[in-house]
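This briefing is meant for someone opening the structure for the first time. Please keep the sequence and the 3D view at hand while reading.

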Amino acid sequence: MQEHKTIYFKDYILSPYTVVSCSLEFIIENSSTRVENIMEIRRQNPEAKELHLDGEKLDLELIWVNDELLDATKYTLQESTLILPLDMDTARIRVINRIYPDENTELEGLYRSGGIWCTQNEPEGFRRITYFIDRPDVMAKFTTKIIANQESCPILLSNGNLRGVATLDNGKHLALWEDPIPKPCYLFALVAGDLGSIKDTYTTISGKNVDLAIYCDRGNEEKCHHAMKSLKKSMEWDEYTYGREYDLEIYNIVAVDSFNMGAMENKGLNIFNSHYVLADEETATDSDFMGIESVIAHEYFHNWTGNRITCRNWFELTLKEGLTVFRDQSFSADMNSELTQRIDDVRALRERQFVEDAGPTAHPIKPDHYMEINNFYTATVYEKGAEVIRMMYTVLGREKFRAAMDYYFEKFDGQAIGTEEFLESMQSQSPVDLTKFKRWYAQERTPTLSITTQYDESLYQLKMTITQKIPQNTHNQEQLPYAMPFKIALLSESGEEYPLITSDITLLNGDTLWIEDIVSIIVFDDIRSKPRLSLNRHFSAPVMVECDEIDYPFLMANDTDGFVRYEAAQQFAIQTLESMMAGNAVDEQFVQSYGIILEDSSLDAMFKGQLLELPTITSLMQRQKVIDVESIVKVQETLKMLLATRYEDRLKREIEALYEPLNTYTDGISIGRRALKNRLLSLLITVQDEQVYELCSRHYEESSSMSERLVALDLLENYAPDRAKSAFEDFYTRYRDQTLVMNKYLTICASSRRVGVLERVIDLQNDPVYDIKVPNLVRSLIGSFARNPVAFYDVSGQGFKFVADKVIEVDALNPQIASGLAGAFKNYGKLSVEQKGQMERELERIKNHPNLSNNVYEIVTKIL
């Protein structure tokens with residue numbers, strides 16, 4: 001049985017030794033890879049007498065200390081540690097070991113993806129390559145020599161700048177790479193294989209030319225151009241927005257099919273899941289194009305926020321990830337629509353992070369303990385972390401935030417630091433004391449602001465009371481109130497904003513309250529009539545708001561803050577659906593308000609589509625004390641059918657006007673028109689009319705855009721199964737040789753709400769396109785089923801059993817992917833007595849399985 005050990009932040013100490021430089025030589029062969037590692041070691045703690053090197057699944061062959069070859073009596077070799085007596089201030093350690101990339105199904109360290117050798121070392125994969133002090137606060141200069149067969153591996157890549165190539169005997173060749181900038185070993189990267197590429201150059205703001213290349217499987221080169229454009233836009237944006245210039249001669253990106261994460265920011269050699277690189281109009285959706293632009297930017301921005309300044313230990317992960325997510329969100333907002341980007345970001349936060357924060361796996365953005373750090377690459381650390389950065393941006397404003405970031409870059413460049421140093425940088429420019437704000441890093445769960453008002457007509461005063469409701473943490477301990485910026489507006493009957501005049505609270509930028517106390521009472525003067533409340537504008541704080549005084553129809557029609565209009569539409573829809581679940585009739589005022597938006601031709605198409613979006617099953621499940629998926633689906637479909645029937649003619653006219661089957665452009669206008677058309681078609685199809693089914697079939701057959709074809713295919717699957725059969729056969733025949741498109745096919749199949757989806761998913765595991773060793777395929781088929789509320793929460797309990805079986809099976813191959821699947825059980829505490837019993841049996845079965853990984857054990861025990 002594997003030992004399940006917890007690691008605590010309080011136990012962190014500086015490494016007794018550090019690595020100044022590391023020279024690596026890889027000899028890559030089909031059966032194994034020989035690694036030679038020469039490290040210059042420096043002692044940091046004068047009392048240290050033993051050097052501990054991390055190493056897992058390595059065959060140690062030889063080891064020297066200062067040119068002395070050691071026999072086995074002079075070191076201690078444990079399962080995951082090599083211990084050397086070392087009572088000296090400096091030393092040269094030389095290690096030769098062998099590794100077996102073909103056997104590496106965990107995809108950590110050096111492994112093979114198809115015919116490509118590649119690495120993934122964050123967080124602790126480097127110890128599977130060679131012995132090293134594998135922690136982020138050990139930063140070394142790396143030189144890498146790669147030797148491989150020239151025919152099978154004509155491309156040899158690593159970090160930094162290329163310093164030389166040579167042809168050797170026996171059909172081999174070598175490449176020598178040097179990275180002049182110290183980095184932790186988690187940023188080390190190597191790629192070898194027979195790859196196609198596209199190349200370009202970028203001239204930095206100071207006039208330096210940088211060679212750019214994107215590598216991929218041969219035949220996919222034409223699908224890399226969007227990624228290259230995104231990279232160049234990212235480089236230019238970071239120079240303009242943050243003054244950050246690229247610091248090497250070369251920037252390479254490699255796309256591989258088998259990758260646990262989305263992408264990895266290895267210094268000068270980013271390795272990407274091919275999903276976030278490859279795209280063309282025939283095979284990629286609009287969201288694929290947008291996602292590629294965002295993730296390319298995210299990994300590039302890490303060059304400064306993650307690479308040159310990295311985290312001191314893995315508890316500080318949000319230092320680099322929360323900040324870089326904020327940066328990539330800001331970039332996407334500047335490249336596209338700021339409003340629609342903000343709505344998309346908040347929707348994703350609520351769908352993923354709010355659920356996480358409400359469940360048994362909740363944790364602060366800076367956790368104080370973990371069993372397996374891979375389990376903390378979460379929506380909390382990333383997306384909530386980004387919202388914490390955004391709150392500081394809101395407090396400081398654009399210019400002061402830039403000045404604080406300049407301070408950060410100048411003072412901490414080249415260091416491994418913590419969130420305290422980042423907050424020091426923000427405090428240097430902040431108009432308010434951020435001491436209480438630090439609680440966002442240490443506390444978990446989502447706070448709620450409860451808001452009431454009293455209007456005094458004789459004094460023209462509005463008294464607002466804001467009460468923070470702070471949930472207990474996962475250990476049932478009380479938590480403290482937060483400090484946060486909270487944007488509001490008080491609107492007149494005509495929709496105009498009253499100036500906010502108050503002496504009761506710090507007011508930032510004229511419209512933002514600085515809230516610190518558990519109860520804040522604020523009196524606003526010169527309010528000439530009882531105002532409508534516009535709260536948490538632009539989603540200025542990641543909180544929930546409770547207020548019975550919000551006029552949703554008014555805000556939907558009149559608020560100048562686009563996010564509040566969206567929020568009003570969502571909350572009014574939630575209110576309507578929950579009332580229907582309680583047995584009441586549909587709220588006619590909501591139906592009319594929906595129709596007003598539908599008729600409004602002045603709205604931007606993308607924004608209009610967002611306003612017309614109805615709440616998802618997942619968002620409604622969050623609000624239930626006991627989850628009842630069936631009741632949610634029933635009222636959802638009832639409301640959609642009523643709206644579609646009421647506005648059928650308008651829907652048909654607008655769909656026809658928006659439909660451009662040959663338009664595959666990915667500009668904002670085209671994407672927005674397709675998104676709105678797809679939203680309207682998804683509503684119209686609920687009228688259950690053969691003419692509408694025919695229209696949907698026609699959109700599948702005629703459209704050149706993958707976005708439109710996929711939506712049509714999904715609608716046929718769920719509403720017109722007789723027509724769906726031939727469409728699915730056509731789609732499979734056309735794209736079965738394209739793995740990225742087959743991911744979409746598997747997702748639609750596994751997400752179906754029709755009876756029999758479990759049996760279909762079981763059968764698809766035997767389809768030639770599926771491979772349990774490829775993470776994208778597992779996420780598309782098994783992961784999509786686990787996220788399908790209708791199938792997963794089926795009263796039979798078979799959904800729970802199937803996913804539990806898959807968690808156990810995948811855990812033996814790839815624990816990181818298995819733990820992600822195990823997260824599907826996080827709603828255990830909100831189930832009915834019967835379903836809770838069903839899920840508990842499966843969770844106990846997983847927990848008690850022999851040799852269960854730390855990854856899965858940690859998730860399952862927290863849930864239980």
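Is D526 buried, partly exposed or exposed? The model is a predicted one, and in it D526 has a relative accessible area of 37%, so this residue counts as partly exposed.

**Backbone features in loops**

- D526 belongs to the loop that connects β30 (519–524) with β31 (532–535), and its phi is near 60°, which is a positive value in a residue other than glycine.
- N476 is not a glycine either, yet it has a positive phi of about 60°, and its place is in the loop between β26 (461–469) and β27 (484–491).
- With a relative accessibility of 59%, N476 counts as exposed, because the cut-off for that class is over 50%.
- The peptide bond that joins E122 and P123 is cis, with an omega of about 5°, and P123 sits in the loop between β11 (116–120) and β12.

**Strand pairing around β12**

- Strand β12 (residues 139–149) pairs with strand β2 (residues 17–28) in the parallel sense, and seven bridges are found between the two.
- Within this pairing, I146 in β12 is the bridge partner of F26.
- Strand β12 also pairs with strand β15 (residues 172–184), here in the antiparallel sense and over 10 bridges, and in this pairing A140 stands opposite K183 in β15.

**An open sheet of three strands**

- Three strands in the order β4-β8-β7 form an open sheet, and their pairing is antiparallel.
- The edges of this sheet are taken by β4 (50–54) and β7 (76–77), each of which has a single partner strand, so one side of each is left without a neighbour in the sheet.
- Strand β8 (residues 81–85) runs antiparallel to β4 and is joined to it by five bridges, with L53 standing opposite L82 in β8.

**A pair of packed helices**

- Two packed helices are described in general by the angle between their axes and by the distance between the axes.
- For helix α16 (residues 690–702) and helix α17 (residues 706–719), the packing angle is about 145° and the axes are 8 Å apart, while the crossing of α16 and α17 is left-handed.
- On the α16 side the contact is made by Y693, C696, S697, H699 and Y700, which meet R709, A712, L713, L715, L716 and Y719 in α17.
- The residues in this contact of α16 with α17 comprise eight nonpolar, two polar and one charged.

**Salt bridges**

- The structure holds 75 salt bridges, and the pairs described here are among them.
- One of these joins R112 and D102, whose closest N and O atoms are 3.4 Å apart.
- This pair links distant parts of the chain, since R112 lies in strand β10 (residues 109–113) and D102 in the loop between β9 (90–99) and β10, 10 residues apart.
- R112 has a relative accessible area of 25% and is therefore partly exposed, and D102, at 45% relative accessibility, counts as partly exposed as well.
- Another salt bridge is formed by R327 with D238, and here the closest N and O atoms are 2.8 Å apart.
- This pair, too, links distant parts of the chain, with R327 in helix α3 (residues 317–335) and D238 in helix α1 (residues 225–242), 89 residues apart, and both R327 and D238 are buried.
- A further salt bridge brings together the side chains of E729 and K725, at 2.8 Å from N to O; both residues lie in helix α18 (residues 721–735), four residues apart, which is about one turn of the helix.
- E729 is partly exposed, with a relative accessible area of 44%, whereas K725 counts as exposed because its relative accessibility is 56% and the cut-off for exposed is over 50%.
- Salt bridges can also be followed as a network, in which E25, R34, E36, R94 and K145 are linked.

Note on methods. Residues are numbered from 1 along each chain as its sequence is written. This is a predicted model: local features need pLDDT of at least 70, side-chain atom pairs count only at pLDDT 80 or more; totals for chains, interfaces and linings use all residues. Side-chain values use heavy atoms; hydrogens and water are left out. Two strands pair if DSSP finds at least two bridges between them. Buried means under 20% relative accessible area, exposed over 50%, partly exposed in between (1.4 Å probe, protein chains only). Axes are lines fitted to C-alpha atoms, for helices over the stretch in contact, and angles run from 0 to 180 degrees between N-to-C directions. A crossing is left-handed if the near helix is turned anticlockwise from the far one by less than a right angle, and right-handed if clockwise. Contact means heavy atoms within 4.5 Å. Ala, Val, Leu, Ile, Met, Phe, Trp, Tyr, Cys and Pro count as nonpolar, Asp, Glu, Lys and Arg as charged, and the others, Gly among them, as polar. A salt bridge is a side-chain nitrogen of Lys or Arg within 4 Å of a carboxyl oxygen of Asp or Glu.
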